[in-house]
Amino acid sequence: VFPSLAQAQASVANEVYQELGQPSVFLFCPTEYCSSLCSPSPSQSCYLQTIGQELLPGIGVIWTGPKVVSQELSAALLEEVEAVLRRRPVIWDNLYANDYDCRRVFLGPYMGRAPGLMSRLHGLLLNPNCELQANFIPIHTLGTWFQSELGSCAHPDRAGMEAVAALGDSQGAQDGSYSPQEALELALRDWVAEINQQALEPGR
């Protein structure tokens, strides 16, 4: 019925989206959802070009970055993805995902995301560790990163200064910029307080 997989997927997604009354949040995960799955690249992928052309503009498209689990996200990559999809992507961030190897638990701070990314995103979803309580630091530091990004949006003159900082710089950041090390220290302080509070509860 359809000349390509992409046209089939876009047609079905569009029909469901319209049948539901075009909700404000409606997400589509493409078959090629990261750069490593694109052939030969995101900007030259016939599949993504068709998705960008055919998918209704109100539908959000999920993207994980250069890889399924991306250590870094850059503004340049997001610009390329936005151009081919004709919309800003929703990042599905697998930085802490451990469902593929449950012997590993990721407890470090949120890092490797270039300053000023928020203006390139339609949204960001964090795929956490399977172990619920192990996600205190990931979620806490993501919140700190988000607050710093909001500060950058409120003071666009800072964006130029932050852009020169290396991805994931853990050496104390300039005023208003995100420091993974400082975010980690804040998270650890709050996590210890949370653990101590729980220890005082009856039955603990």
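Biologist: Which angles between two helices count as roughly parallel?

Modeller: Helix axes are compared by the angle between their N-to-C directions. By this convention, roughly parallel describes angles under 35 degrees.

Biologist: In this structure, how are α1 and α2 oriented relative to each other?

Modeller: The model is a predicted one. Helix α1 covers residues 5-19, and helix α2 covers residues 46-54. Their packing angle is about 25 degrees, with the axes 9 Å apart. Since angles under 35 degrees count as roughly parallel, the orientation of α1 and α2 is therefore roughly parallel.

Biologist: Which residues of α2 make the contact with α1?

Modeller: The two helices pass each other in a right-handed crossing. On the α1 side, the contact involves Leu5, Ala6, Gln7, Gln9, Ala10 and Asn14. From α2, the contributing residues are Tyr47, Thr50, Ile51 and Glu54.

Biologist: How far apart in sequence are the parts tied together by Arg120 and Glu82?

Modeller: The whole structure contains 5 salt bridges. One of them joins the side chains of Arg120 and Glu82, at 3.7 Å from N to O. Arg120 is in the loop between β3 and β4, whereas Glu82 is in helix α3, so the pair links parts whose separation in sequence is 38 residues.

Biologist: Is the peptide bond from Ser39 to Pro40 cis or trans?

Modeller: Pro40 is placed in the loop between β1 and α2. With omega near -5 degrees, the bond from Ser39 to Pro40 is cis.

Definitions and conventions
Residues are numbered from 1 along each chain as its sequence is written. This is a predicted model: local features need pLDDT of at least 70, side-chain atom pairs count only at pLDDT 80 or more; totals for chains, interfaces and linings use all residues. Side-chain values use heavy atoms; hydrogens and water are left out. Helices (H or I, at least four residues) and strands (E, at least two) are DSSP runs, numbered from the N terminus. Axes are lines fitted to C-alpha atoms, for helices over the stretch in contact, and angles run from 0 to 180 degrees between N-to-C directions. Angles under 35 degrees count as roughly parallel, over 145 as roughly antiparallel, 65 to 115 as roughly perpendicular and the rest as oblique. A crossing is left-handed if the near helix is turned anticlockwise from the far one by less than a right angle, and right-handed if clockwise. Contact means heavy atoms within 4.5 Å. A salt bridge is a side-chain nitrogen of Lys or Arg within 4 Å of a carboxyl oxygen of Asp or Glu.
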